[in-house]
Amino acid sequence: MEVRRTVPVTLDVESDDAALLEDTVDTFLWCAQYVVDHAFQGEYVTTSKTQLDDETYDDVREATNGFNGGLVQAARNKAAEACKSVVARWKNGKKASKPRITSPHIVYDHRTATFHDDYVSLATTDGRIEADYVLPDGDSDTPHAEYLFSDEYETTGAELHRKHGEWQLHIHCKKEIETDTPERATTTHGTVLGVDLGVNNLAVTSTGTFWTGDEFDHWRREYEKRRGDLQECGTRWAHENMQAVGRKEEGRFKMTLHRIANELVTEACNHECSVIAFEDLSDIRERTGASWGHKWVFNRLYEYVEYKAAEYGITVEQVGPENTSRRCSHCGFTHPANRESESFECQKCGYQNHADYNAAKNIGLRYLRRNQTGGDEGALLGVRLNSGIVNVNGEYESPAEISARTGVHAESHPFTGG
Ligand SMILES: [Zn+2]
């Protein structure tokens with residue numbers, strides 16, 4: 001199995017080289033936009049990379065006086081991905097218009113970049129440049145030491161970002177790991193752990209474990225308070241300190257998220273789940289009234305869980321979010337009146353529970369229904385509760401019933417949810 005990591009590294013770029021990189025970014029964006037415009041020309045939007053390559057490669061190379069072929073292809077890939085996501089939104093009945101490729105970054109791979117121990121060589125519009133990594137001093141605990149300088153990890157590529165006048169490389173690394181139970185992810189007796197994300201509770205699992213949003217609210221208040229104090233001073237010193245506060249708060253909160261992610265994965269391991277299911281995160285702000293801060297938190301948490309779970313052979317997936325908070329996880333009856341802030345009471349069958357817990361079960365159930373026929377996971381037993389499971393029909397099965405039906409011994413826990 002493969003584990004992937006991304007390490008951000010600031011580059012020390014000389015001013016001549018910086019001008020060259022600026023030019024390279026502009027050319028890269030121009031190429032990507034050219035391909036997008038081309039893809040939107042016909043009756044249907046073209047999303048096939050091969051077709052787009054055939055139809056645009058020569059023209060793009062000519063128009064850019066022979067821009068590096070690898071970068072032309074990376075720009076075309078970026079354009080194809082952007083077109084694909086527009087088509088996906090249309091298929092979901094959502095609005096989307098032709099993408100504009102403006103975010104200033106370049107995608108590099110082994111043909112266009114060479115990654116050395118303390119510097120990188122990058123293709124530009126005019127040959128290659130070299131730039132040193134700006135690394136933290138003598139701290140063996142950084143991601144750089146853990147991934148970048150590790151013999152176990154192999155560098156696969158990077159994105160070059162231009163941000164606040166700084167050049168930053170997001171370097172992607174991967175390693176192969178041996179798992180004790182490699183067949184775990186494809187077990188025929190796996191269960192799903194459903195996870196609901198929200199504002200009051202950051203995460204709630206179908207096994208009935210809650211992580212509150214208190215810590216997040218605390219950090220945000222502290223951050224805003226200190227930022228307010230510093231802004232009142234209005235000096236350059238205050239401005240620099242404000243940025244330092246921002247980085248420090250972000251770093252602290254990321255540590256909290258790493259801890260929650262670890263606990264979530266442990267929860268899945270302890271309950272022998274082969275899949276962790278989240279709701280689709282793309283429109284989560286509209287659905288939950290979450291702030292930008294929350295959205296940032298949800299995305300980080302999902303990423304952390306995804307890569308930590310991979311080490312245990314657990315798959316992490318997103319499922320459609322429709323009605324997960326209004327649907328009864330017991331009988332399937334869906335109505336807005338079922339939910340009243342944090343409590344859920346089904347207007348049809350009378351099932352009562354915490355609204356976020358009901359949603360976590362629904363998210364697990366949705367994954368289960370989606371994968372009942374022909375999924376890669378084989379036959380999943382059901383959504384994991386604290387003890388026992390809820391099967392695809394919404395019926396509760398106790399550990400004893402599961403082992404009678406399948407011959408699989410399910411561990412016994414005191415039953416608290418259902
Ligand atoms: Zn019901």
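## Helices α1 and α3

In this predicted model, helix α1 (residues 15–39) and helix α3 are oblique to each other, since their axes cross at roughly 50° and come within 8 Å. The crossing in which α1 passes α3 is right-handed. On the α1 side the contact is made by Thr24, Phe28, Cys31, Ala32, Val35, Val36 and Ala39, and on the α3 side by Leu71, Ala74, Ala75, Arg76, Lys78, Ala79 and Cys83.

## Helices α2 and α3

Helix α3 (residues 69–91) also packs with helix α2 (residues 49–63), and here the angle is about 135° with the axes 10 Å apart. That angle makes α2 oblique to α3, and the crossing of α2 and α3 is right-handed.

The residues of α2 that take part are Lys49, Leu52, Asp53, Tyr57, Val60 and Arg61, and those they meet in α3 are Gly69, Val72, Gln73, Arg76, Asn77, Ala80, Glu81 and Lys84.

## The zinc site

The zinc ion has four cysteine residues as its protein donors, namely Cys328, Cys331, Cys346 and Cys349, each through its SG atom and lying 2.3 Å from the ion. The angles among the four donor atoms run from 106 to 114°, and the site is tetrahedral.

Along the chain, the donors of the zinc ion follow the spacing C-x2-C-x14-C-x2-C. Cys328 lies in the loop between β12 (315–319) and β13 (339–340), while Cys346 lies in the loop between β14 (343–345) and β15 (352–354), so this pair ties together parts that are 18 residues apart in sequence. Cys328 and Cys346 are both buried.

With a relative accessible area of 36%, Asn323 counts as partly exposed.

Ser341, which is not a glycine either, has a positive phi of about 40° and lies in the loop between β13 and β14. The relative accessible area of Ser341 is 56%, and this residue is exposed.

## Trp296 and Arg300 in helix α8

Trp296 is found in helix α8 (residues 292–310), and Arg300 is found in helix α8 too. Is each of them buried or partly exposed? Trp296 has a relative accessibility of 26% and counts as partly exposed, whereas Arg300, with a relative accessible area of 18%, is buried; the cut-off for buried is under 20%.

When residues up to four places away in sequence are not counted, Trp296 touches Glu250, Phe253, Lys254 and Leu257.

## The chain as a whole

The protein chain contains 10 helices and 18 strands. Of its 418 residues, 45% are buried. Among the contacts in the chain between residues at least 6 apart in sequence, 64% join residues that are at least 24 apart.

Definitions and conventions. Residues are numbered from 1 along each chain as its sequence is written. This is a predicted model: local features need pLDDT of at least 70, side-chain atom pairs count only at pLDDT 80 or more; totals for chains, interfaces and linings use all residues. Side-chain values use heavy atoms; hydrogens and water are left out. Donors are N, O and S atoms within 2.8 Å of the metal (3.2 Å for Na, K and Ca); water is not among the atoms, so sites may look incomplete. Four donors count as tetrahedral if all angles lie between 85 and 135 degrees; four count as square planar and six as octahedral if opposite donors are over 155 degrees apart and all others between 65 and 115; anything else is irregular. Helices (H or I, at least four residues) and strands (E, at least two) are DSSP runs, numbered from the N terminus. Buried means under 20% relative accessible area, exposed over 50%, partly exposed in between (1.4 Å probe, protein chains only). Axes are lines fitted to C-alpha atoms, for helices over the stretch in contact, and angles run from 0 to 180 degrees between N-to-C directions. Angles under 35 degrees count as roughly parallel, over 145 as roughly antiparallel, 65 to 115 as roughly perpendicular and the rest as oblique. A crossing is left-handed if the near helix is turned anticlockwise from the far one by less than a right angle, and right-handed if clockwise. Contact means heavy atoms within 4.5 Å.
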